[in-house]
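This report covers the strand pairing, side-chain contacts, surface and confidence of one protein model. The sequence and coordinates come first.

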Amino acid sequence: MPETLQWQKSSFSGGAPDTNCLEIAATPTTLHLRESDTPATTLTPTPTALTALLAAVR
């Protein structure tokens, strides 16, 4: 049975419920990313890929 992920919205997201934003959930070994407007699609980037993503958006 898959574990239930606890999703957290980005602090840069607006307060409105219909605001699209990035959400993140962590397990002991993996970070999961998704967009709030498509919650069924999740990404599980490697540490290298996540570092590159964060560097690109800065």
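Four strands make up an open sheet in the order 1-2-3-4, with antiparallel pairing. Strand 1 and strand 4 stand at the edges with a single partner strand each, so one side of each has no neighbour in the sheet. Strands are DSSP runs of E with at least two residues and helices are runs of H or I with at least four, both numbered from the N terminus; two strands pair if DSSP finds at least two bridges between them.

The model is predicted: local features need pLDDT of at least 70 and side-chain atom pairs count only at pLDDT 80 or more, while totals for chains, interfaces and linings use all residues. Residues are numbered from 1 along each chain as its sequence is written, and side-chain values use heavy atoms, leaving out hydrogens and water.

## Strands 3 and 4

Strand 3 (residues 31–35) and strand 4 run antiparallel and are joined by three bridges. The two strands form a hairpin, with two residues between them. E35 stands opposite T38 in strand 4.

Strand 4 (residues 38–43) is hardly covered: of its six residues, the count of buried ones is zero. Buried means under 20% relative accessible area, exposed over 50%, and partly exposed in between (1.4 Å probe, protein chains only).

## Salt bridge

The structure holds one salt bridge, defined as a side-chain nitrogen of Lys or Arg within 4 Å of a carboxyl oxygen of Asp or Glu. The side chains of E23 and R34 form this contact, at 2.6 Å from N to O. Because E23 lies in strand 2 (residues 22–26) and R34 in strand 3, the pair ties together parts that are eleven residues apart in sequence.

E23 counts as buried because its relative accessibility is 8%. R34 also counts as buried, at 17% relative accessibility.

## Nonpolar patch

On the surface, L53, L54 and V57 form a nonpolar patch with about 260 Å² of accessible area together. Patch residues have over 30% relative accessible area and no salt bridge; nonpolar side chains (Val, Leu, Ile, Met, Phe, Trp, Tyr) are joined within 5 Å, like charges within 9 Å. Areas come from the Shrake-Rupley method with a 1.4 Å probe, and for residues only the protein chains shown count as cover.

L54 lies in helix 1 (residues 47–57). With 38% relative accessibility, L54 counts as partly exposed.

## Confidence

The protein has a mean pLDDT of 84, and 83% of its residues reach 70 or more; pLDDT is the predictor's confidence in each residue, from 0 to 100.
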